[in-house]
Amino acid sequence: MSKRVIILGAGESGTGAAILAKVKGYDVFVSDQGSIKLKYRDLLEKYDIPFEESKHTESEILNGSLVIKSPGIADKAEIVEKIKSLGTEIIDEIEFASRFAQGKIIAITGTNGKTTTTLLTYHLLRSAGYNVGLAGNVGESFAYKVALEKHDWYVLEISSFQLDGINTLKPFIGMLTNITPDHLDRYEYKLENYINSKFRLIAKMDSADHFIYYKEDLIVNREINNRAVFPQVIQVSLKDENERVHAINATMTVNLNGQIEIIDQADTSLKGPHNLINTMMAVSAALFAGVPMDSIRASLKTFKNAPHRLESVATINGVEYVNDSKATNVDSVVYGLGSYDQSLIWIAGGIDKGNDYNLIMDQVKKKVRVLICLGKDNEKLKKAFIGVVQIVETQSVKELIKIASELAKSGEVVLLSPACASFDLFKNYEDRGDQFRQGVLELKKKTERSSV
């Protein structure tokens, strides 16, 4: 009798895990307490995988010998607690897939910057002709990739929620961009629990593997000094010229594999100090994977980042409009504001996540001329910056674009970098960024028509 595998959650990761389990001959059952999206229901039916939605039937679930849980389901969920009480192994889809993957794994985590670093690393390998798959918290599920494709390399973005369900994952290259307080409601409001989650990334790595991290991150650096770390360590620095991988101003130096390489950020498609960190990490990983430096240099110029991350939408009448809607906390906004030397019209607001605006006060004083508050409740934001900058309020993207276009002067940047969650006015940060982009592009068309 085949081993029975229970999948909790039928989203991207759950459906991928179910398909991999089915392909490998397991008896599979999928259960989702919510409704299953049509594309995932179609896939489950295609592979003849039994499933249920809008409920968890305990008689179907509690008899499994292995449970693969969606990262979105909290460990304290009632059905999870019951499974735990039986002593049944509960893992994440990433962990399950890693047990069958034949290729080498490059895994990236961190509070900020992990998506850009992941996508850039993948781009560097793929552009060099590598047989590489992109998966995890970005792109398709890792399990789905392993079930249907064979790659020599896998580049994975891994969230803390996914890391919580990992026991044996052993990346050849692991990267930790930074750690700042986030998702603490999931970690009993204890920062150390969140930190421990992130460091699960390197728990099984050894001296044949490579661990790359940002040296000036205070939390990561402290933890490195207090933990047993077994892989080879590369510290990426924005200050220390003695480090093998460092950047001074906008010039990066990479001294790996016995060769010193100098890269100017102007010769890449990314801007800002935070992207120096992301770029140096990705370049280091690519070099450890054997990618030639000439290929890396060429690919750095052709990389296109994911939307909503300092995405330059358009320049209208000398004013650049930038969509950084993914910046949902103050730590992300630090990077956004730090990417520009010009005077800024800064758009912020939404659902505050416990922000400490003092972290960006100096940058706001130096660079921001006008703050446009976009949200239902802007009191905390206004209180922080009243008397510091001119403040305008709106709850409409259409009105926001009109206000920005009237206030902005040629040479300035209109930066949507909200520092807050989006759920007061939008479906998610993508919806917020999409509406902003659409509004800017409509303004551009209108401006072009009027100038003809």
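## Salt bridges in a predicted model

At a relative accessibility of 3%, Asp209 counts as buried, because buried means under 20%. The model in which this residue is found is predicted. Its partner in a salt bridge is Lys170, and the closest N and O atoms of the pair are 2.8 Å apart. Lys170 lies in the loop between α8 (160–163) and β9 (173–176), while Asp209 lies in the loop between α9 (191–198) and β10 (210–214), so the contact ties together parts that are 39 residues apart in sequence.

In total, the structure holds 25 salt bridges. Three of them, each described in this report, are set out below.

| Salt bridge | N to O distance |
|---|---|
| Arg4 and Glu60 | 3.1 Å |
| Lys170 and Asp209 | 2.8 Å |
| Arg437 and Glu311 | 2.8 Å |

Arg4 and Glu60 link distant parts of the chain: Arg4 belongs to strand β1 (residues 4–8) and Glu60 to helix α3 (residues 58–61), 56 residues apart. Arg4 is buried, with a relative accessible area of 14%, whereas Glu60 is partly exposed at 32%. Both residues also take part, together with Asp27, in a network of salt bridges.

The side chains of Arg437 and Glu311 meet in a further salt bridge. Arg437 is placed in helix α17 (residues 429–451) and Glu311 in strand β15 (residues 311–316); the pair therefore ties together parts that are 126 residues apart in sequence. Glu311 has a relative accessible area of 18% and is buried.

How values were computed
Residues numbered from 1 in each chain as written. Predicted model: local features only at pLDDT ≥ 70, side-chain atom pairs only at ≥ 80, totals over all residues. Heavy atoms only, no water. Salt bridge = Lys/Arg side-chain N within 4 Å of Asp/Glu carboxyl O. Helix = DSSP H or I, 4+ residues; strand = E, 2+ residues; numbered from the N terminus. Buried < 20%, exposed > 50% of the residue type's maximum accessible area, 1.4 Å probe, protein only.
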